[in-house]
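These are my notebook entries on one protein chain. I went through the helices, then through single residues.

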Amino acid sequence: MESSVARSSFLRHPQLLPLLGLSVQPSSDCSCILLPFASCGSLEDHLLAQDPVARPSSLLSLPPLPLSSTARLRILAQVSEALRFLHSAGCVHGSLSSSSVLLSSSSSSSISSKLVEPIPSPLSILEQQRLRGVVDPVLALTGTLEEENDAFDLGLLLLRCLTGLALVDSSSTEPLLLDRCGDLLAGREKATLLADPQGGWREEEAEEMAKMAAALTSSRR
């Protein structure tokens, strides 16, 4: 963690949360990073806002609300800008998800700038199956971080914003998002059939999102 934190401390971009500090317990393996408080929570909070059962407990003063398609597209554009900056600096994020996208308002987002270390390699077949649909399969197989890992994660994020579906089925821990969107990504299902009604997606918006998600994940599925 120390090496990734050291790299993060030098990164500055409007869509990257600045690293405030690192707390390490010498007597244990526990450590934590300190980041600014995101007053509107994470993108995950807002994607779960329509589901009172799945809604996480929160320190937010106001409960998270569903986001419009316009707000989701704006957030995704900001996330893409942050990734382009990281890649231009020779860095890979490695753990992009709706939980790592933090909101200061419904239209302003930042991603955690803490870069992760490569996962242990090689993973067992059982571990690769457990991570299927959640982690880039090439990363799970090799443990090597590359820009394509972030592209795959961004594709999953596009699908999450479009459909509102979770990555995995909470009742069975089985992959949900990629399995449910298989026909959509293959062009055999209309995007409007899976589009989250809370987003108010227009047909052309939904179809374009599906095409981009397919392009970002196609070589890794």
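**Entry 1: helix α3**

I started just after α3, where Gly 90 takes a positive phi of about 80°. The model is a predicted one: local features need pLDDT of at least 70, side-chain atom pairs count only at pLDDT 80 or more, and totals for chains, interfaces and linings use all residues. Residues are numbered from 1 along each chain as its sequence is written, and side-chain values use heavy atoms, with hydrogens and water left out.

I took helices (H or I, at least four residues) and strands (E, at least two) as DSSP runs, numbered from the N terminus. I then checked the length of α3, residues 69-88. Its 20 residues should span 28 Å at 1.5 Å a residue, and the end C-alpha atoms are 28 Å apart, so the two agree. The expected span is 1.5 Å times one less than the number of residues.

Next I looked up burial. I call a residue buried under 20% relative accessible area, exposed over 50%, and partly exposed in between (1.4 Å probe, protein chains only). Buried residues of α3 include Arg 72, Leu 76, Val 79, Leu 83 and His 87. What do the buried residues of α3 pack against? I found β1 (16-17), α2 (43-47), β4 (101-105), β5 (108-112), α6 and α10 (203-217). Contact here means heavy atoms within 4.5 Å.

**Entry 2: Leu 73**

Leu 73 is also in α3. With a relative accessible area of 30%, Leu 73 is partly exposed. I left aside neighbours within four places in sequence and found Leu 73 in contact with Trp 201, Glu 205 and Met 209. I also checked Leu 73 against Cys 161: they are 88 residues apart in sequence and 8.4 Å apart in space, C-alpha to C-alpha.

**Entry 3: α3 against α6**

I compared the axes of α3 and α6. They come within 11 Å and cross at roughly 175°. I used axes fitted as lines to C-alpha atoms, for helices over the stretch in contact, with angles from 0 to 180 degrees between N-to-C directions. Parallel, antiparallel or perpendicular? α3 and α6 are therefore roughly antiparallel to each other. The α3 side of the contact is Arg 72, Leu 76, Val 79, Ser 80, Leu 83 and His 87. The α6 side is Glu 147, Asp 150, Leu 154, Leu 157, Leu 158 and Cys 161. For the labels, under 35 degrees counts as roughly parallel, over 145 as roughly antiparallel, 65 to 115 as roughly perpendicular and the rest as oblique.

α6 has 17 residues and reaches 25 Å from its first C-alpha to its last, close to the 24 Å expected at 1.5 Å a residue. How many of its 17 residues are buried? I counted 14, so α6 is mostly covered.

α6 packs on α10 at an angle of about 155°, with the axes 8 Å apart. This pair, too, is therefore roughly antiparallel. α6 passes α10 in a left-handed crossing. The crossing is left-handed if the near helix is turned anticlockwise from the far one by less than a right angle, and right-handed if clockwise. Among the α6 residues that meet α10 are Phe 152, Leu 154, Leu 158 and Leu 162. The α10 residues include Met 209, Met 212 and Leu 216.

I looked at Met 212 in α10 separately. Met 212 counts as partly exposed at 35% relative accessibility. Its C-alpha is 9.6 Å from that of Leu 154, 58 residues apart along the chain.

**Entry 4: the end of α6**

Thr 163 lies in α6, residues 147-163. Is Thr 163 buried or exposed? Thr 163 counts as buried, at 7% relative accessibility. I then listed polar contacts (N or O pairs within 3.5 Å; within protein, one atom must be able to donate a hydrogen and the other to accept it, and residues adjacent in sequence count only if both atoms are side-chain atoms). A polar side-chain atom of Thr 163 lies 2.8 Å from the backbone oxygen of Leu 159. The Thr 163 side chain also reaches the backbone nitrogen of Leu 165 at 3.1 Å. Not counting residues up to four places away in sequence, Thr 163 touches Leu 177, Cys 181, Leu 194 and Asp 196. Gly 164 follows α6 with a positive phi, near 75°.
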